[in-house]
Every structure is written in structure tokens, then in C-alpha cells.
Amino acid sequence: MSIVVTGATGHLGRLAVEALVAAGTDPSTVVAAGRNPERLAELASRHGVRTAVIDYAEPDTLEAAFAGADVLLFVSGSEVGRRVAQHTAVIDAAKAVGVGRVVYTSAPHADTSELVVNPEHKVTEELLRASGLTWTILRNNWYTENFAGRLHEARETGAVVTSTGDGRVAGTTRADYAAGAVAAVLGDGHENRVYELSGDVAWTFDDFAVAASELLGVPVVHRDASPDEQLALLREAGLDEGLAGFFVTVDHDIARGDLADATDDLRTLLGRPTTPLADALRALV
Ligand SMILES: NC(=O)c1ccc[n+]([C@@H]2O[C@H](COP(=O)([O-])OP(=O)(O)OC[C@H]3O[C@@H](n4cnc5c(N)ncnc54)[C@H](OP(=O)(O)O)[C@@H]3O)[C@@H](O)[C@H]2O)c1
């Protein structure tokens, strides 16, 4: 079986390539694809995989890389606002060269939830369904790694300030999502299925503060601020307007429950529990 992994030069895609090889996949059947040639060369020398330089904005590069692929692990792009055009190009190229199945990394309840990142994922899912390709949709909940800054804040100040209220996050590590993606790539019976991939437990930022306190050995509290207060604090801390606004919006979405759905889907794909919050945070210290 020939497998192409896009976004292989990024965090999730690299972990997926590593997990594919660790699962015993012949590296010569794996193509790691991304824009950055140096990172591709490193993957080739470290794992023996083949590589392809692709750009979602350059359809020719996509068709050349995808030709002959039984499965395309399509890691969603990172250029917010450009992804509908880019993802359209990926799906068109996959169709043009007859890729056997596209496994796409989406976002929680992309079809129904108003989570800030969802519009481009929703359109991509619709394009995949309309394409005539065989697909698997992996709706990844949040990465625990996104909260590394909040762990740092806890250590520096003894507090984690959010505007999440008692909203819950069913996140887990990128490594768990990558392993789940590899199970969906290599396993049978995942054709035209949607999975809501999450951690086993949906935790609150009160839980986060307790885990951080135990890990760091210092008292840590969760303080719930209003969105306006949190925005002011983030600006004061030197974040630019766009990033500060994004963080406050995500907190609003968490407060609304957009990341709260803890399902069994990832656990079932992995055949083991997902990484507990305390272990995930330990890896970030
Ligand atoms: N669930 C979550 O919490 C969460 C958080 C952040 C992002 N995401 C989504 O999950 C994806 C993977 O996460 P990550 O942490 O691995 O992100 P990442 O480290 O930023 O990696 C993004 C990957 O996308 C590739 N890429 C971006 N634009 C491209 C283009 N025009 N053409 C070809 N490749 C392109 C990058 O290639 P180069 O490095 O070679 O340029 C890189 O390999 C993100 O792209 C985003 O869609 C999810």
C-alpha cells in the first residue's frame, strides 16, 4: 500500500510519518509531503521514507506527489483564510490521479458547531463528500500542546486566567491524534466514516490548574475573567491584536461547550486510553 502524508514537515504530519514507520509500514511505501525541503530531507534520512515537495497553491506539485497513492493522509493546512482554495486543489488533484482514499484531519463537529476554526473544515468536508472519492474524516479536538503557554503562565504567576467559565476541553496530545490517524489509514472499515477524535476526559480549567499545581509543585488557581478583561491582559502581555482576539474567541467557544465532547472514537482507534491531562502537561514542562 502506498501512503502519502501531507503536512509532514509540521508537527502532526511528522508524528504520523513516525507512527506509520513505527507500526511496521515499509518506509519506501510512505511519501512525506510538505513545502520545506530541509525538513523533508531530515525525514528521509531519519526514517527512510520518500518525500515530495508540494504546495497546496500549486496543483501540479499535488498531482505529481499523489499519483499512485492508495491512501492520502491529508493534514489540513495552516494558512487560515486560504484553506478553501488550497483544500479544493488537494481534493481535485486526488481525484485527478485516482487516490484510493483520502483521510482528512478536520475539527470537532465541523458540520454543526460554530467553533471559530470550523468554517473552512466544513467546506472541505462538503467538497470531499461531493468529490466521489472515498474518504475518512477525523475531527480532531484540541491539542493539549496548545496550552503550553498557560502552563508557563501558571508557573510564573500561580494563576491561569481564562474566560472559559466552567467550559470543558476534550483535548489530547498530537501524538494521540497522529496514532489515531495511522490506525485509520492502515485499518479496514473506515471508508466514508466520520470520527470525532478527542481525549477520553473533558476537563475544565479548574482541573487544569490542579494538574498544573501538582506538576509544578506550586499553588495554581484558575481565575475566570470576562472576555474584555482577558483581551486587555493578553494585549498587556504583548500579544498582537489578531492572536489576542483569537485566544479570547477560542475561550468563548470553550465556554459555549464547543470542545466538550469526549467520545470513544480515538480510544477505539488506538485500542488504548488516550494520554491523561497530567501526562500530557508533564511532557510540556
Ligand atoms: N486541533 C488543534 O488543536 C489544532 C491546532 C492548530 C492547528 N490545527 C490544524 O491541524 C493541522 C496540523 O497541525 P500542526 O500542529 O501539525 O500544524 P503545523 O506544525 O503548523 O504544520 C502545518 C503543516 O501544513 C503545511 N502547509 C501549510 N500550508 C501549506 C501549503 N500551502 N502547501 C503545502 N503544505 C502546507 C506545512 O508545511 P511547511 O511546514 O513545509 O510549510 C506544515 O507541514 C494545522 O495545519 C491546522 O489545520 C489543529
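**View 1. Arg 139 has Glu 196 of strand S8 as its bridge partner.** The model shown here and in the other views is predicted. The two strands in this view are S6, residues 135-140, and S8, and they pair in the parallel sense. Five bridges join S6 to S8. Strand S8 covers residues 193-197 and is an edge strand of the sheet, so called because it pairs on one side only.

**View 2. Seven strands form an open sheet with parallel pairing.** Read across the sheet, the order of the strands is S3-S2-S1-S4-S5-S6-S8. The edge strands are S3, residues 50-53, and S8, residues 193-197, and each of them pairs on one side only. From one strand to the next, the twist averages 15°.

**View 3. Asn 140 is a buried residue of strand S6.** The relative accessibility of Asn 140 is 6%, and because buried means under 20%, this residue counts as buried.

**View 4. Helices H3 and H4 pack at an angle of about 45°.** Helix H3 spans residues 59-66 and helix H4 spans residues 83-97, and their axes are 9 Å apart. The two helices, H3 and H4, are therefore oblique to each other. Their crossing is right-handed. From H3, the residues in the contact are Leu 62, Glu 63 and Phe 66. From H4, they are Ala 89, Val 90, Ala 93, Ala 94, Ala 96 and Val 97. In this contact of H3 with H4, eight residues are nonpolar, one is charged and none is polar.

**View 5. Helices H6 and H8 pack at an angle of about 60°.** Helix H6 is formed by residues 148-157 and helix H8 by residues 205-216, with 10 Å between their axes. H6 and H8 are therefore oblique to each other. The crossing of H6 and H8 is right-handed. On the H6 side, Arg 150, Leu 151, Ala 154 and Arg 155 take part in the contact. On the H8 side, Phe 205, Phe 208, Ala 212, Leu 215 and Leu 216 meet them. The residues of this contact of H6 with H8 comprise seven nonpolar and two charged, with no polar ones.

**View 6. His 109 has a positive phi although it is not a glycine.** The phi value of His 109 is about 45°. This residue sits in the loop between S5 and helix H5, the latter made of residues 118-131. His 109 has a relative accessibility of 25% and therefore counts as partly exposed.

**View 7. Asn 192 has a positive phi and is not a glycine.** For Asn 192, phi is about 50°. The loop that holds Asn 192 lies between helix H7 (174-186) and S8. With a relative accessible area of 42%, Asn 192 is partly exposed.

Key. Residues are numbered from 1 along each chain as its sequence is written. This is a predicted model: local features need pLDDT of at least 70, side-chain atom pairs count only at pLDDT 80 or more; totals for chains, interfaces and linings use all residues. Side-chain values use heavy atoms; hydrogens and water are left out. Axes are lines fitted to C-alpha atoms, for helices over the stretch in contact, and angles run from 0 to 180 degrees between N-to-C directions. Helices (H or I, at least four residues) and strands (E, at least two) are DSSP runs, numbered from the N terminus. Angles under 35 degrees count as roughly parallel, over 145 as roughly antiparallel, 65 to 115 as roughly perpendicular and the rest as oblique. A crossing is left-handed if the near helix is turned anticlockwise from the far one by less than a right angle, and right-handed if clockwise. Contact means heavy atoms within 4.5 Å. Ala, Val, Leu, Ile, Met, Phe, Trp, Tyr, Cys and Pro count as nonpolar, Asp, Glu, Lys and Arg as charged, and the others, Gly among them, as polar. Buried means under 20% relative accessible area, exposed over 50%, partly exposed in between (1.4 Å probe, protein chains only).
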